[in-house]
Amino acid sequence: SGAGAKRRLQDNWLWYIGLAGILFAYLALRVWMLGYPLLMETGQVDFTLHQRLMLALTLLGKHLILLLFPVNLAFIHTVVLTDDFFAPEVLGPLLTVIGFGYLALKLWPRERAVAFGLAWFLIADLPALNLTLLNLPLMESWLYLPGVGLFIFLVSLGGLAVHHKTIRILAACLTVVLLTMRATVRSADWG
């Protein structure tokens with residue numbers, strides 16, 4: 001109801017200001033401190049809105065896969081553009097994010113960090129989705145900031161799912177060891 005939404009907005013206004021602050025800090029860093037324009041000029045052929053949305057959904061799926069399963073890593077990735085909305089590489093990421101969003105909304109009263117992490121991921125990933133054409137379709141270095149939000153989301157979910165402190169600590173240690181091993185292998189690519 002409208003009154004309930006207004007009450008939630010009044011109760012949670014600091015969260016919304018925090019998210020707006022993160023967005024403003026990102027834009028300020030990008031435009032004023034680093035000197036990058038908001039819209040980059042490219043030598044590529046301009047895409048229609050439909051093609052850009054299909055590319056954005058495809059890239060969202062690739063971003064999720066690269067962050068959750070860091071295998072087949074490369075500095076630059078190629079992306080094949082599809083016009084089929086029902087293709088798995090387009091519909092899959094859309095349904096995943098809708099599912100994550102539903103979960104975040106349902107868990108909002110119990111664990112706000114779930115929604116915060118998802119919002120961080122989506123807001124930070126938005127510039128890398130090529131809604132305005134970038135010079136390259138996908139670079140792994142664009143995923144560092146969105147990855148923080150995704151892992152806040154996942155760790156918050158894990159904290160709700162697992163109630164034993166020992167299991168949480170073991171899972172965290174195992175994750176750190178596995179990601180450290182992967183980072184060690186990956187660092188060989190940088191010389």
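**Figure 1. Helix 3 and helix 4 cross in a left-handed way.** Left-handed here means that the near helix is turned anticlockwise from the far one by less than a right angle, while clockwise would be right-handed. The contact involves Met54, Leu57, Thr58, Leu60, Gly61 and Leu64 from helix 3, plus Glu89, Val90, Pro93, Leu94, Thr96 and Val97 from helix 4. Contact means heavy atoms within 4.5 Å. Sorted by class, this contact has eight nonpolar, three polar and one charged residues. (Nonpolar covers Ala, Val, Leu, Ile, Met, Phe, Trp, Tyr, Cys and Pro; charged covers Asp, Glu, Lys and Arg; the others, Gly among them, are polar.)

A note on the model: it is predicted, so local features need pLDDT of at least 70 and side-chain atom pairs count only at pLDDT 80 or more, though totals for chains, interfaces and linings use all residues. Residues are numbered from 1 along each chain as its sequence is written, and side-chain values use heavy atoms, with hydrogens and water left out.

**Figure 2. What is the angle between helix 3 and helix 4?** Two packed helices are described by the angle between their axes and the distance between the axes. Helix 3 (residues 49–68) packs against helix 4 (residues 88–107) at about 70°, and their axes are 8 Å apart. That makes the two helices roughly perpendicular. (Roughly perpendicular is 65 to 115 degrees; under 35 is roughly parallel, over 145 roughly antiparallel, and the rest oblique.) The axes are lines fitted to C-alpha atoms over the stretch in contact, and angles run from 0 to 180 degrees between N-to-C directions.

**Figure 3. Arg7 and Asp11 join up in a salt bridge.** Their side chains meet at 3.5 Å, N to O. A salt bridge needs a side-chain nitrogen of Lys or Arg within 4 Å of a carboxyl oxygen of Asp or Glu, and by this rule the count comes to one. Both residues sit in helix 1 (residues 2–11), four residues apart, or about one turn of the helix. Asp11 is partly exposed, at 45% relative accessible area. (Buried is under 20%, exposed is over 50%, and partly exposed is in between, with a 1.4 Å probe and protein chains only.)

**Figure 4. Ser156 is a buried residue in helix 6 (residues 144–161).** Its relative accessibility is 11%. Leaving aside residues up to four places away in sequence, Ser156 touches Glu111, Ala113 and Val114. Zooming out, the protein has seven helices and two strands. (Helices, H or I with at least four residues, and strands, E with at least two, are DSSP runs numbered from the N terminus.)
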